[in-house]
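Please open the structure in your viewer and keep the selection tool at hand.

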Amino acid sequence: PVEIFRKDYLAPANFVTEVSMDFDIEEGKTVVKSDLVVRKNADSKNDKGDLLLDGDSSSVTLLSARLDGGEPLVEGVDYELGDQSMVIFEKALPKSDTFTLSTEVSIVPEDNTQLSGFYKSGPMYCSQCEAEGFRRITYYPDRPDNMATFKSVKITADKAKYPVLLSNGNLVKPTEDVGGGKHSATWSDPFPKPSYLFAIVVGDLGSISDSFTTSSGRKVHLEIFSEKENVDKLDYAMESLKNSMKWDEDKFGLEYDLDIYNVVAVNDFNMGAMENKGLNVFNTAYVLADQKTASDGDYERVEGVIGHEYFHNWTGNRVTCRDWFQLTLKEGLTVFRDQEFSGDLGSKDVTRIENVRGLRGRQFAEDSGPMSHPIRPESYIAMDNFYTATVYSKGAEVIRMYQTLLTPKGFRKGMDLYFERHDGSAVTCDDFRAAMADANDVNLDQFEKWYLQNGTPTLSYSSSFDASTSTFTITLSQSSPTNPSNEPFHIPVSFGIIDSSSGEELLPTEVLELKEESATFTFKLSNVAGKPVPSILRGFSAPVKLINENVDEATSQLQTLAAYDTDGFNRWEAGQKIFSTAIFAELAEKCDSTILDAVFATFQQSLSSDKLGDDSIRAYNLMLPTEGSLAEDLETIEPVKLREARGTIKKLVAKEFKPQFQSLYEKLTDEMKGVPFAVDSMSIGKRRLRNVCLDFITTTVNRSDEDEVLANAKVAHSHYHAANTMTDKLAAMSILSSVYGCAEAEALRDEVLAHFFEEAAGDALVVNKWFSVQASSTKPDVLDDVKRLMEHPEFNIKNPNRCRALVSVFTANSAAFHAEDGSGYDFITNVINTLDPLNPQVASRMCGSLIQHKRYDAGRGKMMVEKLKLIKEFDGLSPDSFEVVSRGLK
Ligand code: HT7
Ligand code: ZN
């Protein structure tokens, strides 16, 4: 496999500027004809003028190639074909500056299990071209800096089987019969685009349609397609789409540009969705939703992903990436935009807490392991491996830092200048940074470090207060423990001060800019009643790990912040830190009454007062940190012990507050009675809070007490059967899925699992939940269940959603996956062996479960390394898996 480096970027010697394509689809064979208008690049620094086309020979068979309508080109004389390329020699090219290359190729979408290029998903054909799928459809300069107008895309297929024929842009020739039971339609996209934004969908689909009138008065036709049985689950996506269009106009002054916006839901899809120009393709999991089948989390994701793909129309499509190293230019920025959208439509604090939980759970881990890379990577083998939490989530944090440094108004000025300068072109992260700097007349040179350096920096602080002069002093220091050679970052630190006794805010939020290794800031305070407590990194203003060097005061400071901080995020954060301190103390067998008292006081406060935020915030305040985020703060992870320690603290809380949890549960149950189903912040908050109560109420304090196990199972069982939402059903079913050791309780568990499966009636997304819940069980024999489920008739390794629902969810079930006997590692190695030849993109992500070996104890680490070595020797291992495994072994 070949490694590609950012430093080697060269503009091509030739650009394709205009494209006409013709797809003739027959069962088992699709013929693709392309006419490419090519323009020689006068500015090219390439010493050779050959026309370089990408093409994956495992997918595309070349039938013919001609230049300017002449005789067929001859292999070996005019061109040569490689595994991944076609090179037309400079000497064979016409002398004129522009010419036309016509090719004819055949492909077999029915055999395409990689789900990259043109493939079949159930009753429909669809495409996925990002990052490098277009080369699996035809020969083409498949690189994002080649922007071309796709003037005409003609699709011909069987009329009865495939009534719907879609591509990007506008329908210029509506469907017409062409004989032989076939029909055809022609699409044209007026906006130049790179090949990765090309799309084609052909199928027997149902749809819903609506319209949106833009701020300048243009009416846009909106249509969302899915398999016919799912059409009644598309309304929420349509609402979300209209909300997204309005939000982008209001917030950024960005209007939609085509007359049509089509979205198609597809069952087999490697990622979440794809922003193809005017024709988004979505994984069904991020578009279908109704009361019966979708949880609140699903609704939230539909809204977020619909927004995300829509926002790409400007950040990604109108202005795209020069090369794939710049991926965060569009992804970080678009994630930031979708986060802001969700925050504006729902609750800012809740959205922020959820986003940071996600970042810490996934990105921090990635950044401390062998796949660690800057948000703008320096090299790759398989680009698909770099659609990572770092590029996306940390990339979004980097964009958020621009906004924090420049203020929302300054950020908007930067965005306006970015579009003014670069609309219609393929640019770099440096261009974005320059627009932000120039629009605000500031120097952002040092800010580039966020693009150049990897690893999560540590931000330490120590503070003191001189009562005689009423001066508060805070010293901030940064370091990069995982990357000691890193130079200082430019870090915006949102900062405020709270009085420990009055609870008043002594200093409202200010943004401190830390550019050096260390800096000291002083503040004159007035009206100080108790001790001034610093509230640092409000709203999580930078993707760093925060350390308080005033160790003795740390817990009491956290208690002040948990009770009084005006920043919702930091109030939550303070509670989380108190809880993790207790869990780590328990892990080290040093848990004492001081820290436990702080844990109890924090719970007491959240349970007794509804003043600290809405129900969702209260729910998050009552949740212990996840095993994943706790693991991030450990030198060596011992997953079984970590689960036990967290479990111990949870049991103590459950025991201490059982009556309060019970009465809050009942109060919420009463409040929710008879209220019609809604997906608004208030209803979501009530469900979230009630399910947190349920979780504590059903926490078994003594596992060997069968009566207790049974009593708790009965509570979950009734919750399940009384539930009228997927959220409540899932909450109860996941509690029950971990029940064991009492035959009667196990019978309740099995009854609910069977009921859920039956009620799903084959609905793919609901069945996925059924698989996931079982794969995340804390039962000691969960791996046996998972293996049994792999043999279930509904399991299909070729479907990425199903595969992730069972296999990836199991690998995230840390204590089980990292079982001491290595059984989890055996299991995943076998799955990778089967999956890699079928779908390398999904397989390589599974390899990721073995690469963090240095973070685990020696026994586990050794077994993981052995498995990586074994996988590396698999016959015909894909470049995708090879890259992850090789990095894991470095
Ligand atoms: N821009 C989209 C990326 C994507 C993708 C990448 C690799 C392989 C398959 C893929 N499907 C979609 C998704 C997004 O960020 O909007
Ligand atoms: Zn995206």
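**Stop 1: helices 9 and 10**

Helix 9 passes helix 10 in a left-handed crossing; a crossing is left-handed if the near helix is turned anticlockwise from the far one by less than a right angle, and right-handed if clockwise. Helices (H or I, at least four residues) and strands (E, at least two) are DSSP runs, numbered from the N terminus. Before going further, please note that this is a predicted model, in which local features need pLDDT of at least 70, side-chain atom pairs count only at pLDDT 80 or more, and totals for chains, interfaces and linings use all residues. Residues are numbered from 1 along each chain as its sequence is written, while chains are lettered from A and ligands numbered from 1 in the order in which they are written.

Two packed helices are described by the angle between their axes and the distance between the axes. Select residues 568–587 for helix 9 and residues 593–608 for helix 10: they pack at an angle of about 145°, with their axes 9 Å apart. Axes are lines fitted to C-alpha atoms, for helices over the stretch in contact, and angles run from 0 to 180 degrees between N-to-C directions.

Which residues make the contact? Helix 9 contributes Gly 575, Ile 578, Phe 579, Thr 581, Ala 582 and Ala 585, and helix 10 contributes Ile 595, Leu 596, Ala 598, Val 599 and Thr 602. Two residues are in contact if their C-beta atoms, placed from the backbone, lie within 7 Å. The contact of helix 9 with helix 10 holds eight nonpolar, three polar and no charged residues. Here Ala, Val, Leu, Ile, Met, Phe, Trp, Tyr, Cys and Pro count as nonpolar, Asp, Glu, Lys and Arg as charged, and the others, Gly among them, as polar.

**Stop 2: helices 15 and 16**

Next, select helix 15 (residues 706–722) and helix 16 (residues 726–737), whose axes come within 8 Å and cross at roughly 155°. Helix 15 is therefore roughly antiparallel to helix 16; angles under 35 degrees count as roughly parallel, over 145 as roughly antiparallel, 65 to 115 as roughly perpendicular and the rest as oblique. The crossing of helix 15 with helix 16 is left-handed. On helix 15, display Ala 713, Ala 716, His 717, His 719 and Tyr 720; they meet Asp 728, Lys 729, Ala 732, Met 733, Ile 735 and Leu 736 in helix 16. This contact of helix 15 with helix 16 has seven nonpolar, two polar and two charged residues.

**Stop 3: helices 22 and 24**

Now select helix 22 (residues 823–835) and helix 24 (residues 858–872). Their axes come within 10 Å and cross at roughly 15°, so helix 22 and helix 24 are roughly parallel to each other. The crossing of helix 22 and helix 24 is right-handed. Tyr 825, Thr 829 and Ile 832 in helix 22 meet Met 863, Met 864, Lys 867, Leu 870 and Ile 871 in helix 24. Six nonpolar residues, one polar and one charged make up the contact of helix 22 with helix 24.

**Stop 4: ligand 1**

Centre the view on ligand 1. Of the 15 residues around ligand 1, which come nearest? They are Glu 130, Asn 270, Met 271, Met 274 and Asp 384; a residue is near a molecule if its C-beta atom, placed from the backbone, lies within 6 Å of it. Strand 19 (273–274) and helix 2 (296–311) each supply at least two residues of the shell around ligand 1. That shell has five nonpolar, five polar and five charged residues.

**Stop 5: two backbone details**

Select Glu 130 and Ala 131: the peptide bond from Glu 130 to Ala 131 is cis, with omega near -5°. Ala 131 lies in the loop between strand 10 (124–128) and strand 11 (149–158). Finally, select Asp 68, in the loop between strand 5 (61–67) and strand 6 (79–81). Asp 68 is not a glycine, yet it has a positive phi of about 45°.
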